[in-house]
Amino acid sequence: MSQQKITAPKGVSEYTPPRSSAFEHVRDCLIAPASKAGYQLIELPVFEDTELFKRGVGESTDVVSKEMYTFEDRGGRSITLRPEGTAGVMRSVIEHGLDRGQLPVKVWYSGQFFRAERPQAGRYRQFYQVGIEAIGLDDPAIDAEVIAIADAGFKALGLTKYRLELTSLGDAQSRAAHKVDLLKFIATLKLDEATAARAAINPLRLFDDKREEMKKVMADAPLLVNYLSEESREHFETVTKYLTALGVSFQLNPRMVRGLDYYTGTTFEFVHDLLGAQSGIGGGGRYDGLMEQLGGQSLSGIGFGLGVDRALLAAEAEGVIAQEAFVSDLFIIPLGEGTKVQALTIARDLRAKGKRVEIAFGDRALKGAMKGADKSGATFVIVLGESELSSGTVELKEMKTGHSTSVKIDSLFEALNK
Ligand code: HAM
């Protein structure tokens, strides 16, 4: 009896060959600028104590109130699959006392995150982020550098059709002054119960309401940027000055509300023009009260998370991923048992010098093996038979043009470089 097939859970993103190579390329491009800037890998669990996200991310957020994958483990503890990376990094930095050493603590991460959202193009229940966090300094230069690192990742990928939106949520004093007027404004509105409850925990959330009628009424709401304290204003202006000096273009968006409650001061989002509804390819900002909130000392921090799935969609939409980047330089077809050792050693030596080399295994006839080479997309192919071995010379065939040249086996590396 044939068994029913098992399929992946709804809304998860999966990357299988050949598209997985493009995914890998995107992920590596996005994170490379961080290691060049002295950020070091932090590898964390994908599940944490549920309390971490409740306290860290905030109960007014959709992420915590509706989208967490929470379950009881066998010991009766409440566990949640991480919906984002910053709270976990903070937990780990506090737990291991990294904040007692050299500041800022600078770490990067990459991996799966989980939010039980309604799946659609670019929005998944398991998705991938790369991110960085810089903890312990509130120098505006670090804000500018963090943003520039994210921007450099998108540029390295070749993206051009995106914009950076920027604002400041100010310090506690700025937000308190704004909150007074915002609450007065909200008191004049007729809100349903759920919206009123959200507003009671964090009134800024109402700026994030996607309903047209709410957008309309919120158009008249007082904006936080008009309540920034002298210090916050200066900090933010300095950040924008540095970004301009770095050639990172940005647009001010005083209505931006990030989906997580820990943000303070500089906050930003990267938005891609070709992605439709799920256009946020990355975002981040300062979170100056988070460490204290999680039981640590009072240190500031800033970071970002970039969506690898969406950056891949953006790169495909812009047509900037060259498939040639992922194919082998050379495909070796050994003819007969006696040539396999040489095929293996030639491949090993070329790989040691940085070439991508594949071998046709399995004693296929030449015609079938050639088809395999063609399908692999490899740039060059050689056939290795007894006569090639005795002469020490092979025909190096360029697959695209069909053009062949005689090359000494010992000079294959140089020939591939030509
Ligand atoms: P976030 O804006 O919630 O920030 O997520 C960052 C990025 O992850 C988004 O811009 C988007 O590209 C991607 N993303 C989020 N949810 C999904 C989803 N359901 N499917 C596909 N992609 C998604 C954070 O997570 C913060 N921890 C970033 C940060 C780090 N802030 C400070 N430090």
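1. Helix 6 gives the most to the lining of the second largest pocket, namely 5 residues. Helices (H or I, at least four residues) and strands (E, at least two) are DSSP runs numbered from the N terminus. A pocket is an open set of points on a 1 Å grid over the protein atoms alone, with protein on both sides within 12 Å along at least five of seven lines, and lining residues have an atom within 4 Å of a point.

2. The model is predicted: local features need pLDDT of at least 70 and side-chain atom pairs count only at pLDDT 80 or more, whereas totals for chains, interfaces and linings use all residues. Residues are numbered from 1 along each chain as its sequence is written, and side-chain values use heavy atoms, with hydrogens and water left out.

3. The second largest pocket has a volume of about 650 Å³, a volume being the space filled by probe spheres set on grid points that are joined across faces, edges and corners. Its lining comprises 36 residues, and Arg175, Asn202, Leu204, Asp261 and Tyr263 lie nearest the centre. Helix 2 (50–57), strand 7 (162–168), helix 6 (172–187) and helix 10 (290–293) are the elements that give two or more residues to this lining.

4. The whole structure holds 2 cavities of 30 Å³ or more; a cavity is a set of points where a 1.4 Å probe fits but cannot get out. The largest cavity contains about 60 Å³ of space, and its lining includes Phe53, Arg82, Glu84 and Tyr109. Helix 4 (86–95) and strand 5 (105–114) each supply at least two residues of that lining. The second largest cavity contains about 40 Å³, with Ile333, Phe361 and Arg364 among its lining residues.

5. The ligand is surrounded by 28 residues, the closest being Glu84, Glu117, Glu133, Tyr263 and Gly280; a residue counts as near if one of its heavy atoms lies within 4 Å. Strand 10 provides the largest share of this shell, 6 residues.

6. Which residue has a backbone N or O atom 2.7 Å from an oxygen atom of the ligand? That residue is Gly280. A polar backbone atom of Gly282 is 3.1 Å from an oxygen atom of the ligand, and an N or O atom in the side chain of Arg115 is 2.9 Å from one. The protein covers 95% of the 660 Å² of accessible area that the ligand has on its own, as computed by the Shrake-Rupley method with a 1.4 Å probe.

Technical notes: A polar contact is a pair of N or O atoms within 3.5 Å; within protein, one must be able to donate a hydrogen and the other to accept it, and residues adjacent in sequence count only if both atoms are side-chain atoms.
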